[in-house]
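Please read the points below with the sequence and the 3D view open beside you. Each point takes up one place or one topic.

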Amino acid sequence: MNIKNSQLEVDNWIKNHGVRYFNELTNMAQLTEEVGEVARIIARRYGEQSEKESDKNKDLGEELADVVFVVLCLANQTGIDLQTAFDKKLDLKTSRDHDRHQSNEKLK
């Protein structure tokens, strides 16, 4: 996924369809709400909680996309180049965690 292009697409969508970005605190609250919806689906579909009939048609992919959309909004409005930040994080995780995970007996 090219995050930089995704950030531009979200920014264009906001400019053409939304009036403006919600403020950062509102977007943080929205992000929390969307993550909660993802958690609800995961807990009931893959965890030990029973899934309510009304939740069985919920689309996990759609809820994950909502999370990504709000994260991209927050990155845009706070001036974060998320592609650069993600690439740096992946490099760090690769160098820091490769041997640790390879040696983890719990993962075998």
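1. Start with Gly 79, which sits in the loop between H3 and H4. Gly 79 counts as exposed because its relative accessible area is 64%, and the cut-off for exposed is over 50%. Gly 79 and Asn 2 are separated by 77 residues in sequence, and their C-alpha atoms are 17 Å apart in space. The model is a predicted one, and every value in this note was computed from it.

2. On confidence, the mean pLDDT of the protein is 94, and 99% of the residues reach at least 70. Which element has the lowest mean pLDDT, and which the highest? The lowest mean belongs to H4, at 90, and the highest to H3, at 98.

3. Asp 81 makes a salt bridge with Lys 4, and the closest N and O atoms of the two are 2.9 Å apart.

4. Ile 3 is another residue of helix H1. Is Ile 3 buried or exposed? Ile 3 is buried, because its relative accessible area is 6% and buried means under 20%. Leaving out residues up to four places away in sequence, Ile 3 touches Leu 72, Leu 82, Gln 83 and Phe 86. Ile 3 and Thr 84 are 81 residues apart along the chain, with 8.8 Å between their C-alpha atoms.

5. Asn 27 lies in helix H2 (residues 24-45). Asn 27 has a relative accessibility of 2%, so Asn 27 counts as buried. What is Asn 27 in contact with, leaving aside its neighbours within four places in sequence? The residues are Phe 22, Val 70, Cys 73, Leu 74 and Gln 77.

6. Salt bridges deserve a point of their own. Side chains of opposite charge can pair when their charged atoms come close. How many salt bridges does the count come to? The count is 10 salt bridges. One of them joins the side chains of Arg 44 and Asp 55, with 3.9 Å from N to O. Arg 44 is in helix H2 and Asp 55 is in the loop between H2 and H3, so this bridge ties together parts 11 residues apart in sequence. Arg 44 is counted as buried because its relative accessibility is 17%. Asp 55 is counted as buried because its relative accessibility is 6%.

7. Compare this with Glu 105 and Lys 108, whose closest N and O atoms are 3.9 Å apart in a salt bridge. Both Glu 105 and Lys 108 are exposed.

8. The structure has 1 aromatic pair. Trp 13 and Phe 69 form this pair, which is edge-to-face, with 5.7 Å from centre to centre and 90 degrees between the planes. Trp 13 is in helix H1 and Phe 69 in helix H3, 56 residues apart, and the pair links these distant parts of the chain. Trp 13 is partly exposed because its relative accessibility is 42%. Phe 69, at 30% relative accessibility, is therefore partly exposed too.

9. The last point is the largest pocket, which has a volume of about 190 Å³. The lining of the largest pocket has 14 residues, and nearest its centre are Trp 13, Ile 14, Phe 22, Gln 30 and Phe 69. H1, H2 and H3 are the elements that give two or more residues to this lining. Which element gives the most to the lining of the largest pocket? H3 does, with 4 residues. Trp 13 and Phe 69, listed here among the residues nearest the centre, are also the partners in the aromatic pair.

Conventions:
Residues are numbered from 1 along each chain as its sequence is written. This is a predicted model: local features need pLDDT of at least 70, side-chain atom pairs count only at pLDDT 80 or more; totals for chains, interfaces and linings use all residues. Side-chain values use heavy atoms; hydrogens and water are left out. Buried means under 20% relative accessible area, exposed over 50%, partly exposed in between (1.4 Å probe, protein chains only). Contact means heavy atoms within 4.5 Å. A salt bridge is a side-chain nitrogen of Lys or Arg within 4 Å of a carboxyl oxygen of Asp or Glu. Rings of Phe, Tyr and Trp (its six-membered ring) pair if their centres lie within 6.5 Å; planes under 30 degrees apart count as stacked, over 60 as edge-to-face and the rest as tilted. pLDDT is the predictor's confidence in each residue, from 0 to 100. On a 1 Å grid over the protein atoms alone, a cavity is a set of points where a 1.4 Å probe fits but cannot get out, and a pocket is an open set with protein on both sides within 12 Å along at least five of seven lines; lining residues have an atom within 4 Å of a point. Grid points are joined across faces, edges and corners, and a volume is the space filled by probe spheres set on the points.
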